[in-house]
Amino acid sequence: MTLTLYNTLTRRQEAFATVEPGKVKMYYCGVTVYDYCHLGHARACIVWDVVRRYLQFIGYEVRYIQNFTDIDDKILKRSREEHSSMEAVAERYINAYFEDMGRLGIKPADEYPRATHTMNGIQRLIHELENKGFAYPANGDVYYAVRRFNEYGKLSGRKLEDMQAGASDRVQVEDPEYQKKKDPFDFALWKAAKPGEPAWESSWGPGRPGWHIECSAMVRDRLGETIDIHAGGADLIFPHHENEIAQSEAVTGKPLATYWLHNGMVKVDGEKMSKSLGNFTTIRDLLDRDVEPMAVRLFVLMAQYRKPIDFTDEAIAAATNGWHTLKEGLLFGYEYGGVGSGEWGVTSTTLSNRGSGEKLTSEIHIQRFQEAVNDDFNFPGGLTVLFELAKELRRQGNIIVHQGKSETSPEELQKQWHTLVMLAEVFGLVAQPEAETVKIEGLTDTEIEELIQQRQAARKAKNFAASDRIRDQLQAEGITLIDSRDGTRWHR
């Protein structure tokens, strides 16, 4: 079962092989911190969180880096609107990012570099591009000479001549930076300081970096010259990722990344999400509407990660129903398996103890799960296995409630439950039993048994009114009675 990935760079699905055996260097282009994260961010962060989890599940040691763009025109605009500072705005929304992602169950990255903390690496990379003839200064700015990089366009498939044919001369002439460029396609590596904006000293004068050079420098500083996976949204393919390749590979002469992976965009009721359309939804707005975080994860994972998805009320309702099915299966061991009392001898299943021999698992289901997900991270195929296990455990739970025991052996039930919990955790789908609250008022077990005996006596005396009254009393206390040939059982 070989893992294969669709590589945006080669436009085909390829077998996964790392630069260093057994280890994965992975970089995800993170968020620009000028506002709360929205549904698009939720999808991207969930997808790459699960990719990382799955790579760990199949045995890789993963170093996962996610950056923050903490200097940008949008951040500066927000700081002016709020009469604040760029640093204060960025810090507030970085904190909000961690709050939102924590609610969605996103595992923290190994490191979160920031552009403002990577200024030495950024300037060093620009100097190297200058020395190699790929960059030139212009009145305090520094630009990348796009035509000097012969492979420009290899990621996006765009050709300069085609882009030139569609360019607008009017827009170029009105652009104040246009006159500084040697070629219209050249892009800024360093921007001269403007009045009232933050700036850093450099050999070109005070200024700040361009967006694209930031990620090239952060990848190099944290992970080296060639990484295994460079991930991000499909909207970043051009120009951001294209420009990253041009910058990094012009200096090193090596591939920046072996595999370029991109997640699809999120639409809302069939339309592109935007504030102007009034369909812009932040993660916290969604979760504050009592949409369950695990249902959001499931909504994302039910779609092929490279394809667009449409967020609708119907779609999130379907994901919520699906989550409730999975949750029933995930809680099976706590409700019926004696978990906590020591009957099964476990309290949870984690990725770290897979294969330790401590837990019974269903290798057939694990194999089917891996066969599905190994096909370009086919998460919907993996979910099929989870739903099969969850529905069977739910069925067994109903049998236990109504018949007192299952015809399936405890060993087999353990296998199914442990396997479901383990595989669900790969997808970050986790359920824990609600903490039991101590009721000061209410019936004790002894009192319940006494009422059941009174009801049985009433039934034997054919006093059905008294029998029904006792049943109703117990039901009002949350006690369900199940009558069978073997007697009456009760369930809170």
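A salt bridge is a side-chain nitrogen of Lys or Arg within 4 Å of a carboxyl oxygen of Asp or Glu. In this predicted model, Asp 35, Lys 77, Arg 78, Glu 81, Glu 82 and Arg 92 are linked in a network of such bridges. By the same rule the count comes to 30 salt bridges.

**Overall build**

The protein has 492 residues, of which 50% count as buried. It contains 17 helices and 15 strands. Its C-alpha trace spans about 100 × 50 × 35 Å along the principal axes.

**Salt bridges**

Side chains of opposite charge can pair when their charged atoms come close.

| Pair | Closest N and O atoms |
|---|---|
| Lys 77 and Glu 81 | 2.5 Å |
| Glu 82 and Arg 92 | 2.7 Å |
| Arg 63 and Glu 111 | 2.8 Å |

Lys 77 and Glu 81 belong to the network. Both residues lie in helix α2 (residues 73–81), where a spacing of 4 residues is about one turn of the helix. Lys 77 has a relative accessible area of 47%, so it is partly exposed. Glu 81 is likewise partly exposed, because its relative accessible area is 47%.

Glu 82 and Arg 92 are also members of the network, and a salt bridge joins them with the closest N and O atoms 2.7 Å apart. This pair links distant parts of the chain: Glu 82 sits in the loop between α2 and α3, Arg 92 in helix α3, and 10 residues separate them. Glu 82 counts as partly exposed because its relative accessibility is 33%. For Arg 92 the relative accessible area is 33%, so that residue is partly exposed too.

The salt bridge between Arg 63 and Glu 111 has its closest N and O atoms 2.8 Å apart. Its partners come from distant parts of the chain, 48 residues apart: Arg 63 is in strand β4 (residues 61–66), and Glu 111 is in the loop between α3 (86–103) and α4 (119–131). Arg 63 is partly exposed, since its relative accessible area is 34%. Glu 111 is partly exposed at 26%.

**Charged residues elsewhere**

A negative surface patch is formed by Asp 269, Glu 271, Asp 310, Asp 313 and Glu 314. With 55% relative accessibility, Asp 269 counts as exposed.

Glu 14 is found in strand β2 (residues 12–15). Its relative accessibility is 16%, and because buried means under 20%, Glu 14 counts as buried. The side chain of Glu 14 makes a polar contact of 3.2 Å with the side chain of Asn 7.

His 83 is not a glycine, yet it has a positive phi of about 50°. The residue lies in the loop between α2 and α3, which also holds Glu 82. His 83 is exposed, with a relative accessible area of 75%.

Asn 139 is another residue other than glycine with a positive phi, near 55°. It is placed in the loop between β5 (135–138) and β6 (141–144). Asn 139 counts as exposed at 66% relative accessibility.

The peptide bond from Phe 238 to Pro 239 is cis, with omega near 5°. Pro 239 lies in helix α8 (residues 237–252).

Terms used
Residues numbered from 1 in each chain as written. Predicted model: local features only at pLDDT ≥ 70, side-chain atom pairs only at ≥ 80, totals over all residues. Heavy atoms only, no water. Patch = residues over 30% accessible without salt bridge, like charges linked within 9 Å, V, L, I, M, F, W, Y side chains within 5 Å. Areas by Shrake-Rupley, 256 points an atom, 1.4 Å probe, with all protein chains shown as cover. Lys, Arg positive; Asp, Glu negative; His and termini not counted. Charge placed at Lys NZ, Arg CZ, Asp CG, Glu CD. Buried < 20%, exposed > 50% of the residue type's maximum accessible area, 1.4 Å probe, protein only. Helix = DSSP H or I, 4+ residues; strand = E, 2+ residues; numbered from the N terminus. Polar contact = N/O pair within 3.5 Å; in protein donor to acceptor, adjacent residues only side chain to side chain.
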